[in-house]
Amino acid sequence: MIEIPAKLIRNHSEKSPEWLAGLPAALDRYVDEWQLTVSGDVMSGEASLIVPVVRRDGTEAMLKLQSVNDESESEALALRTWNHADVVEVYEDDPETSTLLLERLEPRTLDDLPDAMEATQILAEVLTHLMVVPAPPGVRRLSDIAAGMIEDAPRVIPMLADPAEQALTWRFVAQMTELLPEPGDRLLHWDLHYYNVMAAKRQPWLVIDPKPLAGDPGFELMPAVWNRWDDLVATGDLSQAIRDRFDLMLEVTGIDRDRALGWTAGRILQNVLWFTEDGDTRIEAELKAVADALLA
């Protein structure tokens, strides 16, 4: 018997109750099939149950149980496509259930580094390694994601209460539409922020938890910009701090500024559409601050 973490129950009790109810049986199944021994208390991400285990040969590992969806189905493929020196290793996987047996990493992420700019520098260096790898066949395409946003925009944008914010969001649509004919073909992580880069024994830092896409690396910058938000606020000049972080990412990665700005507008648009469909009638303050700092 296991105690499902409250966060996982909160996130999945409505959208995937059957998967949630089946977690104890799923844990038993993979412990048996992959000859594992549970070695610690279960943990969870936003969408997965993480169980510390030991393999038959004594190797420490993490069993990741998650529901099958567009984000999880290519995770193992992406992790095996990138250079082994940059990402967590996949020991076993079951494509039918998106269950993974992963290398055990250290309980420390880039979010734990006191210096936010040092953390951003490391994150950017990691991205330079990931962004040169072509996406393998079968990975979702940024072009399809972007086209879907453009298609949804006329329905969702009028839900914003402020006409000025509606006009700003239409600007994001225009910027992304301009880039759509050349969406890129690199293997993107999509969620490359400070919590998704963890310390390890074989390398200082390794990437975890991709939501794989085939597309332009300029689409990768937004998570680094608006995570560790309190560090930006603490500088006393929020707009300049956002620009400094963005500029550091560009300097390290060499990503073209205009394309990075255009795809960052697309990332802001994506979040505005998500949040508005969930009931918001104003652009979230953090998204607005990023837009004002970078896209004004």
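Keep in mind that the model is predicted.

Let's start with strand S3. It covers residues 48-54. Is S3 mostly covered or mostly open? It is mostly covered, with six of its seven residues buried.

Now the partners. Take strand S1, residues 37-38. S1 pairs with S3 in the antiparallel sense, over two bridges. Here Val-38 stands opposite Val-53 in S3.

Next comes strand S2, residues 43-44. S2 and S3 also run antiparallel, and two bridges pair them. Met-43 stands opposite Ile-50 in S3. A hairpin of three residues leads from S2 to S3.

Then strand S4, residues 60-66. How many bridges pair S3 and S4? Seven, again in the antiparallel sense. Look at Ser-48: across from it, in S4, stands Gln-66. The hairpin of S3 and S4 has five residues between the strands. In that hairpin, Gly-58 takes a positive phi near 95°.

On to Leu-123. You will find Leu-123 in helix H5, which spans residues 116-130. Why is Leu-123 called buried? Because its relative accessible area is 0%, and the cut-off for buried is under 20%.

Which residues does Leu-123 touch, leaving out those up to four places away in sequence? There are Leu-110, Leu-192, His-193, Tyr-194, Val-197 and Ala-224.

One last distance. Leu-123 and Ile-255 are 132 residues apart along the chain. Their C-alpha atoms are separated by 14 Å.

Note on methods:
Residues numbered from 1 in each chain as written. Predicted model: local features only at pLDDT ≥ 70, side-chain atom pairs only at ≥ 80, totals over all residues. Heavy atoms only, no water. Helix = DSSP H or I, 4+ residues; strand = E, 2+ residues; numbered from the N terminus. Buried < 20%, exposed > 50% of the residue type's maximum accessible area, 1.4 Å probe, protein only. Contact = heavy atoms within 4.5 Å. Pairing = 2+ DSSP bridges.
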